[in-house]
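Welcome! Here is a short briefing on a sheet and some of the salt bridges around it.

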Amino acid sequence: MLFGTKTKGFCVEFGEQTVLLARLSESQVPMVVEELKEFSISDSDGLANYLATCEGKGPTGFAHAKCSVLPARRLIRRHTLDLKRLKEPTYLNEVIAQQFRVEAEKFTTLMLNPADGTEFDATKSSQKEALFCGMPTEEIGMWQEKFLEFSIYPERLELSTVATLGALVSYQKFKQSKTPLLLLEIGEDTTQSFIVSSEGVEISRPIPNGIAAMIPVVQRELGLKDEESAKKLFHSNSFDFTSMGATLVKKLLKELQSSIGFYEVQTGQSIGHVLSTQLPPSLAWLSGTIGAGLGVTPLKVEIVPWTQSLGITLAPSVQPAVPDERWLGLFGLMASFQNGPAVEKT
């Protein structure tokens, strides 16, 4: 028997800055989250040591896990298809190459419905909106090898962004929210931006501006000798940057205001909240700064009632420190959205 009676479920998210991990009572809902762990992305020894000693791996010695990753070259783009060309064998690769500037033959790509995350069915001629999701094929093999080195057996591999988007759509439905929100994944060189509502992913746009673009501004504003010094100070959490926050995010705000303005004109809806999920704790203040610049507040997620509606319960040992919004993608990974969440009682 491959699975021992003590085998538990695991979910692991490898982000740009951190690794988030959940040990679960079962691999499928209903389940209890028995433990949550967080490691720096550079702390390979800490993660390996934890996985070597944690319970629930079963007789194989591997933690059977749903895994998600956040490759820098990930592709998550909503696009309106030309239905007249949909059956042409070269059409979809043309979209990927010409619209997204991606070498289609080097990427593994899947098309999803932006409303509910189900796989796109090209045979339905009335269906013209698609969410293209992909990553470099060679990186998939690299990640599979890395998981095995950590004694993780990946039962499923997803993009963290897709899991987060699914969680946010589910949460918006649970809250019966009529107001769309802005999701930001601020990376080193690129910011992935999305407008998400209870109806699905409305807009997706990568912006070639990230944390690295803020470093020269820090150097200039503080009169530091070089960018390396500015980078260390910026990430150190030993200096309060909020006073110069508006200056640091000025270029990013301009791009975001353009996207939001286009959406609001097209739909007549205003953005209600902003959420940044991939910022390290030392830069968490950026979310509030961006929100202030856009005139919206950061989203505060009520994790416990939402996860309970999905059949996911936090163990008493986990409850005292209820996870914050950064964990949304991990909960999205462990959840099953087929039936959707229960609607919150008001």
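An open sheet of six strands runs in the order β8-β4-β1-β2-β3-β14, with mixed pairing. Strands here are DSSP E runs of at least two residues, helices H or I runs of at least four, both numbered from the N terminus, and two strands pair if DSSP finds at least two bridges between them. This is a predicted model, in which local features need pLDDT of at least 70 and side-chain atom pairs count only at pLDDT 80 or more, while totals for chains, interfaces and linings use all residues. Residues are numbered from 1 along each chain as its sequence is written, and side-chain values use heavy atoms, leaving out hydrogens and water.

- β1 (residues 9-14) and β2 (residues 18-24) run antiparallel and are joined by six bridges.
- F10 has R23 as its bridge partner in β2.

**Salt bridges**
- There are 13 salt bridges, counted when a Lys or Arg side-chain nitrogen is within 4 Å of a carboxyl oxygen of Asp or Glu.
- R23 also pairs with E34 in a salt bridge, with the closest N and O atoms 2.8 Å apart.
- That pair connects strand β2 to strand β3 (residues 31-40), across 11 residues.
- R23 is buried at 9% relative accessibility, whereas E34 is partly exposed at 23%; buried means under 20% relative accessible area, exposed over 50% and partly exposed in between, using a 1.4 Å probe and protein chains only.
- K8, R23, E34 and E35 form a salt-bridge network.
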